[in-house]
Amino acid sequence: MTATALALALTGVSFIAHDIPGLSVDSVDPFTGQNSGRFRNADLDGDGHPDLLLADSAYRSVDGWPDAAAAIEMPELRAACDVWQGLLYCRVRAGLDVMEWGEGHWRPVLTHDIVWARWRPPDDSGGLWFERFLHDMDADGVPEIVIPAATGLSVYVRDETVYREAAVLDVLPPMALCTDGPQRLWPADARSIRFPSRAMHCRLWLDGRHVTVITDEEGRGGEVWHVRRFAVDPRCGFEMTELESMQIALPPGFEPCALNGDGMVDFAGGDWSFSDRMPVPSPVFETQATTDGGRSIQVRRSRSFTPKCSFIDFDGDGDADMITESMGVFDGGVRETANRMLTSRDVAHAIEVRFQDARGRFSEKADVCVRVTISLDKPLWRQTDFGNRYLAGELVDISGDFNGDGYRDLAVQNSPNRISLFEYAGRGFPRQPAALLAFDDDAEVLVADVNADGLSDVALVPRDGGSRAPSGKTKVYFAQGE
Amino acid sequence: MIGRIWTAYTVELRKALRSASTYVGPVLVMLAVAGALVVHPVDRDGASDYGFVAYATPLALNLLGIFMTLVFCSGLVASELSHGTIRMVLVRPLLRREFLAAKLLLGMTYALGLVVLVAASAWGTAHALGDTAGVGYGGEILYTTSQMRWAYGAGMLLSMAPFAAAVSYAVFISTLTRSTGPAAALSLGLWLLVEGIKHPLGIEAYVFSTYLETPWRVFSGRVDLIDTAWFPEAKYCLGVSLAMALTFAFLSVYVLNRRNLNE
């Protein structure tokens, strides 16, 4: 695939293809459009270009692109790591290693023992793994280490040459006993008395000096969300002040998120069901959001299964806009739907954007509507991998900004080996794509800013037998802008 | 000319009303509406029953209605040719194209009759057995009764466009054959063949039957609380259907004009 992959720029934006072995890119968050990814960007060598850090290797940036030829090994540690201004912070079991890259190797900047409130490696990691534990709460340019643990939120601050635990913020809900599975009674030597497990589940947002803790419990006909927001004063020993505490009862399917910059916790969600208005049931997806603490719920419905991303800041105004998608295959009654499912490889697909106004309301009518045609490899009834991926909403991605104009652009995998990129042009999308990316084999397309240059890139993860192939073959098309 | 067409039309209409086979289609579509009650029951439970109307109308019209219209219209000219009665009809001061215009009007009347009958029976059932007081969500009425009626009424009007194309197509097939059976078989067979290959060939946008459901999109969308726009689909529906209706009408006139009716 690498040799024959072709990046063809028709107009506007162009791409440069690079193999990035080991890169793993996640799908975008459905409520923010952000791609957390299993990678980090940091300027390791101080050349002004962010380098790409993976769990097992780092790619230094050459001429603005991560270069596989300039790959460097990551430290051989079993540690949670995070990056801050070119420094690699590694939390090993018994201490902290802060390292920088220089003169061809990793040099220790700070190393000392420390007892962490919590240190638990993921099951699938044998080396480094990325966590977000660095937060500059006091805005002094030196990050604090913040770790959620059973006792609370442990904050470690740097004193001259070492980090020490400065405070444990009692903001987390208490641990609760878990229901363990049945224990074996036989054979006799397998019998044992286990300590009951305890667990705690919450969502934790750290935003400067503000800490928001969100928990949920099942309520009558839905869920009851508890939102507690605290202000922390690092200059006074991390003294906490509770800013607000509220309970919000919502129907099932909502998730907390930040849809605008009003400081309130918003909730958004979506669920699909079948409509019984046709002899052949058609899917109806319900996109829901509340931006006023649950007082009113805004609902928009479309004929679709679950789309890839339902909320994204489309126009760059800081407020998330609502994205709905409609599958044309279910449009046209039972006869036409059956006909399309049985004989048609081309499916019409519509993407609509509803802007959020200053009051947190989403437009009733679509502000932007774009229609594309996706050519499946076989009619839908054959249930091929590509067709199933279409129904799962994986082929359309409106989270990328490939030209850096602040508006989101549209990436559509409209055949198993081709991606069309449509640039937003003021009032809509042109019918002709701005760029076509063609490749040989079936691949999963993911959009993320891999080289942290502000332009979204396109990552191709080859697929093998209906599932993702090992990430060792990931290829990235780096956007070059206009 | 209009007077002659009108006279021929009234004669044809009376003839059709006297034939028992004319009533097969209307009875079947009414049975289809009644049968929809089994799958989609209607109750006075306070919930809007527009869902039944949205379910029954396309079911009765776009499956059974179009089928019966094609069968009925396929026999309009072929039966006259097979019995030789066309020679008697054309003895009167009536041109062949006027005769065809009367037949097309009769076919349209039949299609309109089916549409009105389905609409009346679906709405009547919903009114009599259920509730038709707007479509709401969470206690708020999103589409009022009046808005739903308008959407349905506009859909009825628009649905006549693809039916006009279907009538014109069937009458054209009818002019090509000499007896009713082969005419019906040919028009249905050809239609099904085109239905099967239109998507693989990529010609679906130019086939009238693709738009049979278009008139009911807005009504069905509102029932599902989906904001559905009339355009551009209504524009394509109207344009393609009327273009095909005119094309088949002209082809019918051409074929009938060149036909030796004495054979």
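Where is Glu160(A) found? Hi everyone, the answer is the loop between β14 (152-159) and β15 (162-169) of chain A. Helices (H or I, at least four residues) and strands (E, at least two) here are DSSP runs, numbered from the N terminus.

A quick word on the model: it is predicted, local features need pLDDT of at least 70, side-chain atom pairs count only at pLDDT 80 or more, and totals for chains, interfaces and linings use all residues. Residues are numbered from 1 along each chain as its sequence is written, chains are lettered from A and ligands numbered from 1 in the order in which they are written, and side-chain values use heavy atoms, leaving out hydrogens and water.

Glu160(A) has a positive phi, near 55°, though it is not a glycine. Most residues other than glycine have a negative phi. With a relative accessible area of 72%, Glu160(A) is exposed (buried is under 20%, exposed over 50%, partly exposed in between, with a 1.4 Å probe and protein chains only).

Now look at Phe238(A), where phi is also positive, near 60°. Phe238(A) sits in the loop between β20 (222-233) and β21 (239-250) of chain A. Is Phe238(A) buried or exposed? At 8% relative accessibility, Phe238(A) is buried.

On to peptide bonds. Most are trans. From Trp186(A) to Pro187(A), however, the bond is cis, with omega near 0°, and Pro187(A) belongs to the loop between β16 (176-177) and β17 (198-199) of chain A. In chain B, Phe231(B) and Pro232(B) are joined by a cis bond with omega about 5°. Pro232(B) lies between α8 (217-223) and α9 (233-258), in the loop. Thanks, everyone!
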